[in-house]
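Biologist: I am new to this entry and would like to go through it one piece at a time. Shall we begin once it is on the screen?

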Amino acid sequence: MPVSLTVCGAARTVTGSCLLFDSDGTRFLVDCGMFQGPKTLKALNHEPFPFDPRGIDFVLLTHAHIDHAGLLPKLVKQGFRGRIHATPATTDLCSVMLPDSGHIQETEVEQLNRRNRRRGRDGMLAPIYTAADAERAMGAFSPIEPGAWLKPGKGIRARWWPAGHMLGAASIEIEVAGPPALRLLVSGDIGPDAGGLQQGPEAPASLDHVICESTYGDEDRPAVTPEARRAELAKLVRWAAERQGTMLIPSFAVERAQEVVFDLVRLMQEGLAPRALIHIDSPLASRATRIFTRHADTMPEGAAMRDALASPLVRHVQDANESRELARAEGFGIVLAGSGMCDAGRIRHHLKQHLHEANALVTLVGYQASGTLGRLLQDGARRVRIQGETFGVAARIAMMQGYSGHADGPELGRWIAARGPIAGSVFLVHGEEEAIEGLAKRVEGRGIVPADRILRPVLDQSYTLAPGAAPVAIAAPGRRGDAASVGRPDWHNARAALLLGIEDAIERAPDEASRNALLERLRQALQ
């Protein structure tokens with residue numbers, strides 16, 4: 001029986017994962033994530049879903065990261081009354097991550113409305129959902145153990161396979177009754193073969209269609225052992241300590257924060273790095289740490305990790321005023337704060353305070369999406385804008401390998417090849433265009449499926465899927481935005497770059513007459 005698939009997110013971008021399936025009138029989602037990155041991309045979070053939430057029968061969730069789970073409270077708020085099926089660890093993490101997301105939205109909307117009032121702008125914005133909405137959404141969750149078959153709808157069964165990406169993360173195998181049966185696999189986010197907190201990924205073979213993430217599909221990262229990673233981290237800690245500077249680590253609150261803290265504590269205990277308090281300046285990371293401790297037995301080094309997270313070297317910063325005081329502190333210190341791409345959360349006021357300091361160190365330990373502040377810093381920007389203000393960048397920016405929760409291109413290629421034989425197609429999602437093309441070449445080179453069956457969907461594109469056959473594209477009226485350019489730097493990025501360029505040109509002008517002439521040309525251009 002044919003099944004339709006609509007890619008409602010993470011199409012040529014790395015956020016907003018959401019796949020809509022329709023099997024003989026049973027409609028369900030795999031993931032329902034929030035869009036992050038450029039402002040035009042984030043604006044999609046405020047638009048109506050491209051489907052009626054009341055008509056969705058159930059949701060299968062791969063993992064708890066906000067780009068995969070972040071719009072579930074909106075889904076429930078707008079009428080979804082089915083069940084959300086996820087692993088126990090994912091359910092526990094969502095219980096803290098989704099309310100935190102709601103709280104952040106409430107806070108940021110309040111701040112933005114206050115700024116707009118000061119600027120004399122009309123209209124009041126509302127959060128996508130509140131912390132209370134997220135708490136209510138948790139009532140829809142139904143935990144399912146990995147490996148156990150679930151029958152969530154008529155003629156449909158699913159089971160979760162360890163993805164190795166983060167605590168509780170899974171790939172989801174879906175089987176739709178035939179004859180013949182249709183077998184699908186949604187990768188979720190795939191972890192590296194080795195080096196992280198989790199065991200390596202596992203998944204079934206002999207499938208009709210595979211829908212695979214491609215975050216690092218064009219990269220062949222050098223293999224970094226945990227020992228080499230810690231040695232590099234130790235050098236960075238010593239660099240900051242010798243210069244009595246602040247070491248800022250923008251960190252995703254779940255998995256990356258706990259993994260970095262684990263390494264820092266171990267280095268200090270072994271005398272390989274100067275001892276210092278490790279400040280976790282993220283209430284979400286603190287709550288997630290307690291969940292990691294609860295599920296430590298599922299991880300290869302769980303006991304050691306549990307001890308490290310309980311070390312007296314680790315200090316949890318809860319109060320916002322305490323966080324601001326910490327940002328003003330001088331001398332050597334280590335601060336982990338969200339968000340991992342520097343676009344939200346407490347890391348922003350730490351960056352405002354320290355980016356101009358030559359003895360400060362910003363250590364990036366995760367993926368930085370196009371258009372985010374983290375990507376600008378990674379790419380060497382010397383001036384950036386944060387919440388409407390301009391800041392010079394004199395701090396050292398270091399990008400650390402070895403902490404990624406994503407497989408690189410060769411690992412993804414091997415993962416897809418191991419799913420064979422694949423009788424139908426491979427969809428490449430959750431990646432920017434360069435990454436998708438890089439992974440497509442790896443798949444083509446293995447002869448896994450013909451080149452014309454490696455699909456690169458755009459936002460809201462739909463297909464009919466059948467056993468052993470190539471997908472058939474379906475007309476998709478009413479796509480949101482410019483589907484082909486979603487996720488790229490947008491006019492907000494261009495405006496910020498222009499304003500920084502104007503400021504630089506004015507400052508470089510040799511005298512007052514030159515500045516006045518430049519300002520006059522700008523005024524004329526605006527008329």
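Biologist: In what order do the 8 strands of the open sheet with mixed pairing stand?

Modeller: This is a predicted model, in which local features need pLDDT of at least 70, side-chain atom pairs count only at pLDDT 80 or more, and totals for chains, interfaces and linings use all residues. Residues are numbered from 1 along each chain as its sequence is written, and side-chain values use heavy atoms, with hydrogens and water left out. Strands (E, at least two residues) and helices (H or I, at least four) are DSSP runs numbered from the N terminus, and two strands pair if DSSP finds at least two bridges between them. On that basis the order is β6-β5-β4-β3-β2-β1-β22-β23.

Biologist: Which strands stand at the edges of this sheet?

Modeller: An edge strand here has a single partner, so one side of it is left without a neighbour in the sheet. The strands in that position are β6 (141–143) and β23.

Biologist: What angle does helix α4 make with β6?

Modeller: Angles run from 0 to 180 degrees between N-to-C directions, with axes fitted to C-alpha atoms, for helices over the stretch in contact. From one strand of the sheet to the next, the twist averages 25°. Helix α4 (residues 88–118) packs on this sheet, touching β5 (83–86) and β6 (contact means heavy atoms within 4.5 Å), and its direction makes with that of β6 an angle of about 150°.

Biologist: Which residue in the turn between β22 and β23 has a positive phi?

Modeller: β22 is largely enclosed by the rest of the structure, because 4 of its 5 residues are buried. β22 and β23 (residues 472–474) run antiparallel and are joined by 3 bridges, and Ser462 faces Ile474. The two strands form a hairpin with 6 residues between them, and the phi of about 65° belongs to Gly468.

Biologist: Which strands stand at the edges of the 6-strand parallel sheet?

Modeller: This open sheet has the order β14-β13-β15-β12-β16-β19. Each edge strand has a single partner, so one side of each lacks a neighbour in the sheet; they are β14 (314–316) and β19 (396–399).

Biologist: At about what angle does α7 run to β15?

Modeller: Helix α7 lies across β12, β13 (278–281), β14 and β15 (333–337). Its angle to β15 is about 160°.

Biologist: What is the handedness of the crossing of α8 and α9?

Modeller: The axes of α8 (residues 283–294) and α9 (residues 302–309) come within 9 Å and cross at roughly 145°. Thr289, Phe292 and Thr293 of α8 meet Met305, Arg306 and Leu309 of α9. A crossing is left-handed if the near helix is turned anticlockwise from the far one by less than a right angle, and right-handed if clockwise. This one is left-handed.

Biologist: Is Ser323 buried or exposed?

Modeller: Ser323 is found in helix α10 (residues 320–328). Beyond its neighbours within four places in sequence, Ser323 is in contact with Asp281, Val317, Arg346, His349 and His350. Its relative accessibility is 0%, so Ser323 counts as buried.

Notes:
Buried < 20%, exposed > 50% of the residue type's maximum accessible area, 1.4 Å probe, protein only.
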